[in-house]
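Open the model in your viewer and keep the sequence panel beside it. The tour below goes stop by stop, with something to select at each one.

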Amino acid sequence: MSGVVVDRKPLKELNTFRVNVFAKYFTEIYSKYELLDVLKNPEYKDLPKLIIGEGSNILFTKNFKGLVVKLSNNFIDEAYIDDKSVTLRVGAGLSWDELVKHCVIKGYGGIENLSDIPGTVGAAPVQNIGAYGAELNDVVSYVEYLDLDDLEVHEISRKKCKFGYRNSIFKNELKGRAVILNVELDLTRGKHDIKLDYGNLRDRLAKIYEGEGKSIDDIKEDEIPLHDIRRAVIEERRSKLPSYSELGNGGSFFKNPVVSVEQYNEMKQKFPNLPGYEVEEGIKIPAGWIIEQCGWKGRKMGNCGVHDKQALVLVNYGFATGLEIKELSDIIMDDVKRKLGIQIEPEINII
Ligand code: EPU
């Protein structure tokens, strides 16, 4: 039975900013065949379409005057397995963290550092989700998508996805055209590539072990259980990032900007504590640091504001409209540009 289309659907519970907008039409689909049925239906054929997962990277600034499709195809298939590796094919509609949890329980390594990231599996390749030294592109082998232009299904390899920092072909050449249907991941079994070097992660895990009367130094790094890493990541994230169920937000609102080495050195003279990480294109500076430096951390503007533990996150205190939140983000971007000469950009998809 193909997805039932409803009129004037409230989207408040379908976006993590909890912005109160409506979709002219809405449907939820559970397979690519249902999706094709809806898209081929002459009634909706010429309408603008928006495909959503958990709505965790979207800021709606107005009602959507077209068809919103929520993808809920949430299967996990083991396409290949041996002693050292496993290949999973996963439906785009599965909650990303459900997948991480499943993999940690099964002892499949490679995505444990990406624990607790909101959103669905299908949304993950779009912005190449990353956290604590791991990125989705470390494990993706293929992505299958439906092209909205010709309604054909295509499968592309990791290389063709053109992954970059919070970037991919789905945000560029295929923007607005590709509906990701499923994602194939290559994960490890038995021996894993444990990553603990980012930020406080090792300290966080050491503290967890201390509390259990153990020492992290007594455990060989590649023998640290995946669920301990997951636990440390979850504790670390929850110490800084607000929970969607308590406070509407979309995770990092801005991308961390990359400046030239010369610009970085110049700034470092003015701000000796300026953090920065070398990347291919120059030096990446944490936008959270920049925004805090400009005095925005914890500040409120009407019904929205800047989170008090992580300045990269904008929050809805309950009744903010998308436009109010966008306005706050514009003011912050202008202020940062004026004070530090750096242009920061939203990471969130503003609609
Ligand atoms: N910092 C500040 N003030 C702040 C926030 C951060 O000074 O208010 C400084 C911290 O001291 C730290 C540095 O900035 O030295 C980096 O902070 P953090 O480790 O929290 O990481 P981030 O660069 O701010 C990125 C991702 C997050 C991800 C974390 C952890 C982006 C845009 N964001 O944030 O992703 O969880 O790293 O890996 O790259 C998301 O995309 O929604 C998200 C939460």
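Where is R18 found? Select R18: it is in the loop between β1 (6–10) and β2 (22–29), where helices (H or I, at least four residues) and strands (E, at least two) are DSSP runs, numbered from the N terminus. Before going on, note that this is a predicted model, in which local features need pLDDT of at least 70, side-chain atom pairs count only at pLDDT 80 or more, and totals for chains, interfaces and linings use all residues. Residues are numbered from 1 along each chain as its sequence is written, and side-chain values use heavy atoms, with hydrogens and water left out.

At 24% relative accessibility, R18 counts as partly exposed; buried means under 20% relative accessible area, exposed over 50%, and partly exposed in between (1.4 Å probe, protein chains only). Leaving aside neighbours within four places in sequence, R18 is in contact (heavy atoms within 4.5 Å) with K12, E13, Y244, G248 and N316.

Next, select N249 in strand β13 (residues 248–252). N249 is buried, with a relative accessible area of 1%. Its side chain reaches the backbone oxygen of P242 at 3.4 Å, and a polar atom of that side chain lies 2.9 Å from the backbone oxygen of L247. Beyond four places in sequence, the contacts of N249 include T16, F17, Y244 and L314.

**Second stop: helix α4**

Select residues 226–240, which form helix α4. Its 15 residues should span 21 Å at 1.5 Å a residue, because the expected span is 1.5 Å times one less than the number of residues. The end C-alpha atoms are 22 Å apart, which agrees.

Which elements do the buried residues of α4 pack against? They pack against α2 (96–106), β8 (130–131) and α3 (201–211). Among the buried residues are L226, I229, V233 and R237.

Show α2 together with α4. The two axes come within 9 Å and cross at roughly 145°; axes are lines fitted to C-alpha atoms, for helices over the stretch in contact, and angles run from 0 to 180 degrees between N-to-C directions. D97, V100, K101 and V104 in α2 meet L226, H227 and R230 in α4. By class, this contact has 3 nonpolar, 1 polar and 3 charged residues. Here Ala, Val, Leu, Ile, Met, Phe, Trp, Tyr, Cys and Pro count as nonpolar, Asp, Glu, Lys and Arg as charged, and the others, Gly among them, as polar.

Select W96, L99, I111, F170 and L187, which touch the most other members of the largest nonpolar core, a set of 47 residues. Such a core consists of buried Ala, Val, Leu, Ile, Met, Phe, Trp, Tyr and Cys residues joined through side-chain atoms within 4.5 Å. Another core, of 44 residues, lies apart from it, with F17, I285, C294 and L314 among them.

**Last stop: D197**

Select D197, in the loop between β12 (178–188) and α3. D197 is exposed, with a relative accessible area of 65%. A polar contact of 2.5 Å joins the side chains of D197 and R202; the term covers a pair of N or O atoms within 3.5 Å, and within protein one must be able to donate a hydrogen and the other to accept it, while residues adjacent in sequence count only if both atoms are side-chain atoms. The C-alpha atoms of D197 and G133 are separated by 7.2 Å, although the two residues are 64 residues apart along the chain.
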